[in-house]
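Trainee: Could you take me closely through one part of this model, the surroundings of the ligand, and tell me which contacts hold oxygen atoms of the ligand and how the shell is made up?

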Amino acid sequence: MAKKVTVVGAGFYGSTTAQRLAEYDVFDTVVLTDIIEGKPEGLALDMNQSRPIEGFETKVVGVTTGVDGSGYEAIAGSDIVIVTAGLPRKPGMSRMDLLEVNAKIVRGVSENIAKHAPNAVVVVVSNPLDEMTALTQLATGFPRNRVLGQAGVLDTARFTNFVAETLGVPVKSVKTLTLGSHGDTMVPVPSQCTVDGKPLTEVLPAEKIEELVVRTRNGGAEVVALLKTGSAYYAPSAAAARMARAIATDSGEVWPVCAWVDGEYGVSGVYLGVQAELGASGVKKVVETPLTEGELGSLREAAEAVRAKQADVAGL
Ligand SMILES: NC(=O)c1ccc[n+]([C@@H]2O[C@H](COP(=O)([O-])OP(=O)(O)OC[C@H]3O[C@@H](n4cnc5c(N)ncnc54)[C@H](O)[C@@H]3O)[C@@H](O)[C@H]2O)c1
């Protein structure tokens with residue numbers, strides 16, 4: 001069956017995501033939208049011209065949308081919509097500093113998604129991530145399994161990359177995990193991390209693991225500080241595109257994502273970073289993993305921190 005995916009926001013995150021999705025060659029159409037007149041059309045034209053070189057058939061369609069919702073007809077029939085619209089951080093800013101401005105943008109985008117692509121699975125990436133995911137579910141009114149956020153795939157990839165670089169081993173021999181929020185209460189989970197199947201705790205001293213955990217938690221800020229304008233997008237777009245691919249192909253892959261939890265880990269009623277099985281319905285199932293008492297405590301603390309903030313977004 002022909003598959004259609006829309007990426008809302010044609011900035012750095014959105015455009016690289018659209019390119020990755022097109023290059024997978026598993027979608028019929030990738031729609032890329034933005035409010036900047038001509039930008040999505042220009043990027044789509046450019047990406048389509050790479051088709052003969054990269055050898056993919058997926059068609060990229062660029063559409064300028066208006067604040068009045070004009071242009072959104074183009075997203076009709078999308079199986080998946082990825083929301084990247086919104087401001088990125090500047091050096092020194094926390095993700096939470098973007099809350100009010102991005103809430104306005106994400107609410108408007110969500111209302112248009114609900115109107116024009118009522119059956120889509122929505123993957124949110126705009127920051128602050130956990131709050132924007134909760135807001136998108138509220139504003140679309142979609143079932144909670146059909147709205148999820150991208151954070152854990154990226155945070156885990158950063159952790160894995162740091163461990164692999166530290167040990168000088170291939171990234172594929174390293175498995176790591178991060179749960180919790182996409183912010184200060186991110187919960188890297190060393191007890192579930194392995195290198196060639198050996199527990200990370202046997203391969204690296206505790207102080208080194210802690211150093212990598214801190215670097216992972218600040219992974220986004222480290223890139224922002226170097227770039228000075230804008231935030232990371234290569235690894236983030238890889239993360240969102242892989243999630244969309246898992247959903248489109250109904251793969252059942254388990255990835256760490258921001259998903260609605262309902263009793264897992266003793267936590268209920270909040271969007272939180274957990275592992276989940278992804279498929280055509282979005283989150284098919286939240287998958288619990290064994291945690292140490294300390295890790296479980298940190299995850300529950302993260303849940304309470306994001307719960308308070310997510311309650312605030314209802315009014316934004
Ligand atoms: N979840 C994550 O892991 C993660 C990682 C990196 C960045 N982000 C977030 O992703 C978002 C996008 O980052 P970026 O680097 O692409 O920023 P960017 O500034 O390059 O692009 C944002 C784009 O959104 C567009 N936009 C604004 N309002 C819109 C609307 N109403 N409809 C459609 N498009 C609209 C802008 O015109 C711009 O082109 C930011 O909020 C950033 O913080 C999240």
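Mentor: What follows is a walk around the ligand site.

This is a predicted model, in which local features need pLDDT of at least 70 and side-chain atom pairs count only at pLDDT 80 or more, while totals for chains, interfaces and linings use all residues. Residues are numbered from 1 along each chain as its sequence is written, and side-chain values use heavy atoms, with hydrogens and water left out.

The ligand is surrounded by 28 residues, the closest being Y13, D34, L87, V125 and Q150; a residue is near a molecule if one of its heavy atoms lies within 4 Å of it. By class, this shell holds 16 nonpolar, 10 polar and two charged residues, where Ala, Val, Leu, Ile, Met, Phe, Trp, Tyr, Cys and Pro count as nonpolar, Asp, Glu, Lys and Arg as charged, and the others, Gly among them, as polar. Helices α1 (12-24) and α4 (99-116) each supply at least two residues of the shell, and the largest share, three residues, comes from α4; helices here are DSSP runs (H or I, at least four residues), as strands are (E, at least two), numbered from the N terminus.

Turning to the individual atoms, a backbone N or O atom of L87 lies 2.8 Å from an oxygen atom of the ligand. From the side chains, an N or O atom of H182 is 3.1 Å from an oxygen atom of the ligand, and a polar atom of K39 lies 3.4 Å from an oxygen atom of the ligand. For reference, a polar contact is a pair of N or O atoms within 3.5 Å; within protein, one must be able to donate a hydrogen and the other to accept it, and residues adjacent in sequence count only if both atoms are side-chain atoms.

Taken alone, the ligand exposes 870 Å², of which the protein buries 88%, with accessible areas coming from the Shrake-Rupley method with a 1.4 Å probe and, for residues, only the protein chains shown counting as cover. The space taken by the ligand is the largest pocket; on a 1 Å grid over the protein atoms alone, a pocket is an open set of points with protein on both sides within 12 Å along at least five of seven lines, whereas a cavity is a set where a 1.4 Å probe fits but cannot get out, and lining residues have an atom within 4 Å of a point. A molecule sits in such a space if more than half of its atoms lie within 2 Å of its grid points.
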